[in-house]
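Hi,

Here is the structure I promised to pass on.

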Amino acid sequence: MSAESPQALGRFITLEGGEGAGKSTQQRRLAAWLRETGLEVIETREPGGSPGAEEIRALLVTGATGRWDAVTETLLHFAARRDHLAKIIWPALQRGAWIVCDRFADSTMAYQGYGQELGRETVAALYDLAVGDFRPDLTLVLDLPVAEGLARANARNGAKAGGEDRYEKMDLGFHERLRQGFHDIVAREPGRCLLIDAAGDEEAVAAKVQAAVRERLGVAG
Ligand code: TMP
């Protein structure tokens, strides 16, 4: 079976970044703003977003840091992604909905490719197999120094469901590598990606996110 995605009428926006960068908050704000412009907007996330992918998510985000080797872990992320695409994302885009997704494949490149040191080529090959030519229309990478992000993530952890802290428990070198990975991704694909300084307050970051969506995707509002 081909990995090709169907023709999309809607738009696919992804929010990326390390731990504690504020993606979920910005996702809510961006989706609310887009809805005010009259669009149908779906908020979803990875790993997860479809019933099958949410089951796989539980395998990935809980338990010991060394639970999977890098290849197994990457295959699990792509298995979850393929289900999410086939069941939720592609059908929604086909009917003209806009999607704001909290993480997508750039997280696999940053976390597994750079953080777990699996390498760009392996992650790219698995992307071709599982996803094909489909790409987000716009990817906003919320960037924060590692120490600041981890401090924010730890502060909010009481509220996090089900001990979903497997990646937060990885060592500092892992988090520094994945941040560099996100910087490299943006540098390699400046037409699709934009780095956004997430150090300011929520309001200021939301304004930058809206400006980027207006400018890059021609949303009036
Ligand atoms: P979340 O906390 O943003 O919901 O994401 C769950 C964790 O999964 C987060 O620490 C980043 C990690 N992750 C990967 O390592 N690779 C991936 O492809 C994705 C989507 C997430």
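To start with the ligand: how far does a polar side-chain atom of Q112 lie from a nitrogen atom of the ligand? The distance is 2.9 Å. Before the rest, some housekeeping: this is a predicted model, where local features need pLDDT of at least 70 and side-chain atom pairs count only at pLDDT 80 or more, while totals for chains, interfaces and linings use all residues. Residues are numbered from 1 along each chain as its sequence is written, and side-chain values use heavy atoms, with hydrogens and water left out.

Back to the ligand. It is surrounded by 15 residues, and the closest are E19, R57, R103, T108 and Q112 (a residue counts if one of its heavy atoms lies within 4 Å of the molecule). Two further polar contacts (pairs of N or O atoms within 3.5 Å) go to oxygen atoms: a polar side-chain atom of R57 lies 3.0 Å from a ligand oxygen, and an N or O atom in the T108 side chain is 2.6 Å from a ligand oxygen.

Now the sheet. It is open, with 5 strands in the order β2-β3-β1-β4-β5 and parallel pairing (strands are DSSP E runs of at least two residues, helices H or I runs of at least four, numbered from the N terminus; two strands pair if DSSP finds at least two bridges between them). At the edges sit β2 (41–45) and β5 (193–197), each pairing on one side only. β1 (residues 12–17) and β3 (residues 98–102) share 4 bridges in the parallel sense, and I13 stands opposite V100 in β3.

Two helices go with this sheet. α7 (residues 172–188) lies across β1, β4 (138–143) and β5, at about 130° to β5. α8 (residues 202–217) packs on the sheet and touches β1, β3, β4 and β5, its direction making about 160° with that of β4. Axes here are lines fitted to C-alpha atoms, for helices over the stretch in contact, with angles from 0 to 180 degrees between N-to-C directions.

Last, α5 (residues 120–130). V123, L126, Y127 and A130 are buried there (under 20% relative accessible area with a 1.4 Å probe, protein chains only; exposed is over 50%). Seen down the axis of α5, these buried residues fall within an arc of 105°, so they line one face of the helix (the arc is that of the directions from the helix axis to the C-beta atoms). On the other side, E121 and L129 are exposed. The cover over the buried residues includes α3 (70–94) and α4 (105–115), with contact meaning heavy atoms within 4.5 Å.

Cheers

How values were computed
A polar contact is a pair of N or O atoms within 3.5 Å; within protein, one must be able to donate a hydrogen and the other to accept it, and residues adjacent in sequence count only if both atoms are side-chain atoms.
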